[in-house]
Amino acid sequence: MNKRPLYFDYAATTPVDERVIQVMIECLGFNGNFGNPASSAHAFGQQARQSVEQARRQVAELVGAQAEQIVWTSGATESNNLALKGVAQARGVGGGHIITSQIEHKAILDTAKQLQDAGVAVTYLAPDAEGLITPQAVSEAMREDTFLVSLMLVNNELGTVNDIPAIGRIVHARDALFHVDAAQGAGKVAIDLAEWPVDLMSFSAHKIYGPKGIGALYVGPRAQQRLQAQIHGGGHEGGLRSGTLATHQIAAMGAAFALAGQLFDEEKAMIERLRGRLLEPLLDIPGVRLNGSPSQRIPHTLSLTFNEGGFSSVALSATIAFSATSACNSASNAPSHVLLALGHDARSASRTIRLSLGRFTTEQDIDQAVHLIKSACASAPAFWATGP
Ligand SMILES: *Cc1c(COP(=O)(O)O)cnc(C)c1O
């Protein structure tokens with residue numbers, strides 16, 4: 001195999017931490033913890049159940065929730081579907097109004113579209129110039145019949161962080177439910193569901209050094225009686241999500257969340273240091289722009305637009321693994337809906353790259369990336385400057 005590119009795409013997915021892999025492996029083989037957590041009559045099932053419940057406590061602890069408020073799903077996509085469709089169906093589909101934004105993940109936008117087709121009115125809020133959804137925008141969009149607001153904590157393309165507590169207070173004052181997609185926030189932003197006015201929150205393991213295919217939905221007290229299951233059969237997870245619990249996935253997600261809690265301060269400081277080392281030299285490149293708020297953001301994710309004529313992301317992609325928009329849009333090859341909502345046109349969107357850092361990024365990676373990106377800018381053919 002050729003030398004692998006430098007990995008700068010932690011926002012698309014993370015490798016599973018070796019410590020998490022160990023936990024996962026122990027739940028697979030005959031000598032391990034392989035039982036069905038629902039087999040309460042024997043020791044195999046009881047041991048598996050213990051691992052599942054420990055993981056539930058671990059996930060809850062990182063985000064200030066109670067263990068019994070965590071429902072296992074297959075990932076943040078399913079959590080988002082359960083939250084939006086589940087709330088809409090519990091109140092009886094058709095009619096009513098929900099609020100979301102133009103810069104949500106497709107798992108929200110496509111689900112909102114489904115509800116729209118079923119007769120629910122949907123407002124898609126525009127971000128401000130810094131890529132943030134303001135509390136004021138939410139306040140102005142609230143209607144008499146608004147029953148749900150769904151906004152993300154951290155934007156996956158920009159790394160911007162919305163003021164979720166302030167928005168939640170507005171939503172609750174109007175007696176609506178508040179769902180937050182926190183797939184990019186867990187482990188990077190201090191989340192406190194005991195204090196935050198949030199009713200439903202989506203999580204994914206593979207954005208936080210756990211495996212793909214497992215996630216969770218936090219269901220707070222106000223949402224408990226206002227949520228309808230989407231997957232039926234067996235009545236697992238309090239009837240909210242049936243299906244045999246995947247002990248190895250769940251135990252691994254718990255371990256990943258526990259580890260993120262232990263490493264939180266250390267990792268934050270490290271990523272901030274690395275971000276400085278990456279961003280400062282890149283901002284020297286003539287015409288380069290950082291998309292999204294410079295202050296209300298996580299240090300992990302950087303969206304940079306390069307000057308016309310100065311840059312070809314295609315050449316760069318052989319040596320650096322980054323995202324040209326986001327992994328979720330890449331399938332369609334369309335310009336990023338997030339960048340378009342921020343006022344970019346298709347051309348400036350095509351000169352934009354997302355670099356995202358993580359637990360295994362080294363100073364050496366940063367220095368090499370800076371060198372490669374600067375070379376990619378410098379070596380662009382001169383005619384580009386006047387070209388299309
Ligand atoms: C990755 C991501 C998702 C989807 O999560 P999966 O677990 O891959 O389904 C949803 N929302 C955001 C913001 C994400 O970054």
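**Exercise 1. The domain interface**

How much area do domain 1 and domain 2 bury between them, and what share of it lies on carbon and sulfur atoms?

Solution. 
Step 1. The structure is a predicted model. Its division gives domain 1 as 6–13 + 264–378 and domain 2 as 18–258.
Step 2. Domain 1 brings 30 residues to the contact and domain 2 brings 31 residues.
Step 3. The size of an interface is often expressed as the accessible area lost when the parts come together. For domain 1 and domain 2 this area is about 2,500 Å², with 57% of it on carbon and sulfur atoms.
Step 4. The centres of domain 1 and domain 2, taken over C-alpha atoms, are 27 Å apart.
Step 5. A search for salt bridges across the interface of domain 1 and domain 2 finds zero.

**Exercise 2. Confidence**

Find the average pLDDT of the protein and the stretch where pLDDT is below 50.

Solution. 
Step 1. The average pLDDT is 94, and 94% of the residues score at least 70.
Step 2. Residues 382–388 have a pLDDT below 50. In the model this stretch makes six contacts beyond near neighbours in sequence.

**Exercise 3. Helix α2**

Solution. 
Step 3. With a cut-off of under 20% for buried, R56 counts as buried at 7% relative accessibility. E53, at 22%, is partly exposed.
Step 4. Just after α2 comes G64, with a positive phi of about 70 degrees.

**Exercise 4. Helix α4**

Repeat the analysis for helix α4, residues 106–117.

Solution. 
Step 1. Helix α4 has 12 residues and reaches 16 Å from its first C-alpha to its last, close to the expected 16 Å at 1.5 Å a residue.
Step 2. A107, I108, L109, T111, A112 and L115 are buried in α4.
Step 3. Among the elements covering the buried residues of α4 are α3 (76–90), β3 (97–101), β4 (121–125), β5 (146–152), β6 and α10 (337–341).
Step 4. G119 follows α4 and has a positive phi, near 105 degrees.

**Exercise 5. Further salt bridges**

How many salt bridges does the structure hold? Describe the pairs D199 with R222 and D145 with R143.

Solution. 
Step 1. The structure holds 15 salt bridges. Side chains of opposite charge can pair when their charged atoms come close.
Step 2. D199 and R222 meet through their side chains at 2.9 Å, N to O. This pair links distant parts of the chain, with D199 in the loop between β6 (177–181) and β7 (200–204) and R222 in the loop between β8 (215–219) and α7, 23 residues apart.
Step 3. D199 is buried, with a relative accessible area of 2%, whereas R222 is partly exposed at 25%.
Step 4. In the pair D145 and R143, the closest N and O atoms are 3.0 Å apart. D145 is partly exposed at 30%, and R143 is partly exposed at 38%.

**Exercise 6. The surroundings of K207**

Is K207 buried or exposed, and which residues is K207 in contact with, leaving aside its neighbours within four places in sequence?

Solution. 
Step 1. K207 sits in the loop between β7 and β8.
Step 2. The relative accessible area of K207 is 12%, so K207 is buried.
Step 3. With those neighbours set aside, K207 contacts A11, A12, T14, A183, Q184 and K188.
Step 4. K207 and D9 are 198 residues apart in sequence, and their C-alpha atoms are 10 Å apart in space.

Terms used:
Residues numbered from 1 in each chain as written. Predicted model: local features only at pLDDT ≥ 70, side-chain atom pairs only at ≥ 80, totals over all residues. Heavy atoms only, no water. Helix = DSSP H or I, 4+ residues; strand = E, 2+ residues; numbered from the N terminus. pLDDT = per-residue confidence, 0-100. Contact = heavy atoms within 4.5 Å. Domains from an automatic or database assignment. Buried area = accessible area lost by both parts, 1.4 Å probe. Salt bridge = Lys/Arg side-chain N within 4 Å of Asp/Glu carboxyl O. Buried < 20%, exposed > 50% of the residue type's maximum accessible area, 1.4 Å probe, protein only. Expected span 1.5 Å × (residues − 1).
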